Amino acid sequence: MRSTAYRRLTTGIAALALVVPMAAVAKAKADGAAKAPAATTPAAKARYGSFGIDLSANDPALKAGDDFWTYANGKWAARTPIPADKSSVGYGNILTDEAEANVRLILDDMAKNPSKYGATGKQVGDFYASWMDEAGIEAKGTKPLQPYLDKIAAVKDLTDLQTLFASVGYESPVGIGIFPDLANPTRYTAAAGQGGLGMARDNYLLPGDKYDAYRKAYRGYIQQMFELAGIGDASAKADAIFALETAMAKEQWSPEQSRDIAKLNDPEDLAGLEKKAPEFDWALMLKTAGVDGSPTILMANNTAITAMGKIMVATPLATWKDYLAFHFISDNAAYLPKAFDTARFDFYSKTLAGVQTQRDRWKRGVQLTNGALGEAVGQLYVDRYFPASAQAKMAELIENLRGAYQERISKSTWMDEATRTAALAKLAAFEPRIGHPEKYLDYTKFQVVRGDMIGNAMRSAEFEHQLQLERFPKPVDRSLWAMTPQTVNAYYNPLANQITFPAAILQPPYFDPNADAAVNYGAIGAIIGHEMGHGFDDQGSQFGPSGKYENWWTPQAKEAFKVRTAALAAQYDQYEPIAGTKINGKLTLGENIGDLGGVEAAYAAYHRYQDKHGKAPVINGLTGDQRFFLAYAQAWQQKRRDEIARQLLLTDPHSPAYFRVNGIVRNVDAWYTAFNVKPGDKLYLAPEQRVHIW
């Protein structure tokens, strides 16, 4: 439960993550595929067909060149509703649901038989059981809140206020934490960034009825939290908090601005912080956060932090105390009686995301336990559900992708030799991590008290904070993972030049050790290529082989790179997923570069595979190249509710799944050949208009 400022700071720079599609897949069987490799399990065969493509999902009545996403997924989209408890539906939902069900088996047993699993098993079992004890939570009422609200009520001046701003578990307009030093990523530095809002920044600022409704609902939610907690003058407090957060939003950087590494990179000493934002007592806040020993502090979002200082002193202390109280209640609403939990769901899930029904409590408990004790659970998950064969096959895929990137970079017509040499050095230094960490976190110091849900959540946050402080004076530990093995996702960390693929994503439909190679390369291969591509996107390309923030480009190569990336951004600026709301080509540029480079490198890697293992057969009338591109399109099989789609268009650096397919393949020459795409087709781009980067 770190502040939103700290969470956004760390996720904004440290890891450029793939967001996997959330979609369901219909059952299909391929006919007459004598040479088709079999899927690993009967369930996978039933779901994805004998060679990994759902032939019942595509709509062959459409021309591939007019709308390739619908050509691959149209019938699935027509027959698949979004579940009432989800904001989207797609491939990732199936895998996430399966991972949650498998984890539930582990957690239920731990909760019932905690001594069976040793000390850590008891921690996990007690934590999960505390969450599942709805009757106990209801019986306690708001009593668990009181010690924390009393602490807020005791604030008597700006010194006390800033002490809470820098304390674990309390909201703040400025988040403080630790971060690998951009100039030397083998060591940590302190960092500060903007935060403290209850909604996405643009929800406070954009005109229109939809955003007016969001603002009205949020202000009402603030009042409701106070009323449920029995705190008086709720309406006036809500008005003041909403006005405060609106003023903060006006000064904060947009998501697009917060992608600019050069502007985020403002290392200051204590005197520099005091000069730029003199209203804050930086010595106090850094000491409270435990990072006062840092010689420099990364002042990300520097102009916003300067403005937050002015807002802090201009705002009545009483309003700040109400602000802290509201956010503490809201942040912990799920651990309180049902009325609080429902109110939070109604605003954040129903109003902002369009979700109609609360998820089953056990599913939320799995997610919560994964967040607090994820690697303890992950170790058991890996032992039960991750085969060694998957690791070996993934290693081959990754090396073929590395070879494909090496070949493409070596033959690049727009790079000069100096930049090419540097790019190849970075590629060679890529470190892939597959399945699970080499060593798991030790949770011994995390005290879990059965029946104390809010206390457990606060102690979890404090445990995480203390881990950070223990690491702070030491060299950066490259063995740490930012995701648990049971997470259906993947990521690239530019500060370590690492690509990481948790165990849970390494299963059908993304990956099957026994499936058709075309499908594996089109699905997980493109994901591998995407993560590698982040090392060379508009952000990742600013980091060298060791993860150091440095320029390895000549001016000429950098300019050529900017021309190509600007052309890709301009393409995406034209796409309008929701009437009146377009994709932001600059915000999504890094992910779009990752997608484009990933597909082209995965296609080249697939042909490297064929050079070694023989030419791909025709299966069900589909060539290997056609199966490759269909697998890519079906990997982005996803439908979203309009509400969450609108929110993500404002904040998410990933484009919607539909355009991660159509916006990419129209730039890939091999796709035109595979599906005989001609001038006049809606997705057709003349060769000189197609963007090729890596």
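Helix α23 (residues 555–573) and helix α24 pack with their axes 10 Å apart, at an angle of about 100°. Axes here are lines fitted to C-alpha atoms, for helices over the stretch in contact, and angles run from 0 to 180 degrees between N-to-C directions. α23 is therefore roughly perpendicular to α24, a label that covers 65 to 115 degrees. Helices (H or I, at least four residues) and strands (E, at least two) are DSSP runs, numbered from the N terminus. The model is predicted: local features need pLDDT of at least 70, side-chain atom pairs count only at pLDDT 80 or more, and totals for chains, interfaces and linings use all residues. Residues are numbered from 1 along each chain as its sequence is written, and side-chain values use heavy atoms, with hydrogens and water left out.

On the α23 side, Phe 561, Thr 565, Leu 568, Ala 569 and Tyr 572 meet Leu 589, Asn 592, Ile 593 and Leu 596 of α24; contact means heavy atoms within 4.5 Å. These residues divide into 7 nonpolar, 2 polar and no charged.

Buried means under 20% relative accessible area, exposed over 50%, and partly exposed in between (1.4 Å probe, protein chains only). Leaving aside neighbours within four places in sequence, Phe 629 is in contact with residues including Phe 68, Val 599, Tyr 603, Trp 671 and Phe 675.

Two strands pair if DSSP finds at least two bridges between them. Strand β4 (residues 184–194) pairs with strand β6 (residues 297–299) in the parallel sense over 3 bridges, and Ala 192 stands opposite Met 299 in β6.

Lys 548 sits in the loop between α22 (517–534) and α23. With a relative accessible area of 33%, Lys 548 is partly exposed. Beyond its neighbours within four places in sequence, Lys 548 is in contact with Leu 182, Ala 183, Pro 185, Gln 542 and Phe 543.

Notes: Parallel < 35°, antiparallel > 145°, perpendicular 65-115°, else oblique. Nonpolar A, V, L, I, M, F, W, Y, C, P; charged D, E, K, R; others polar.
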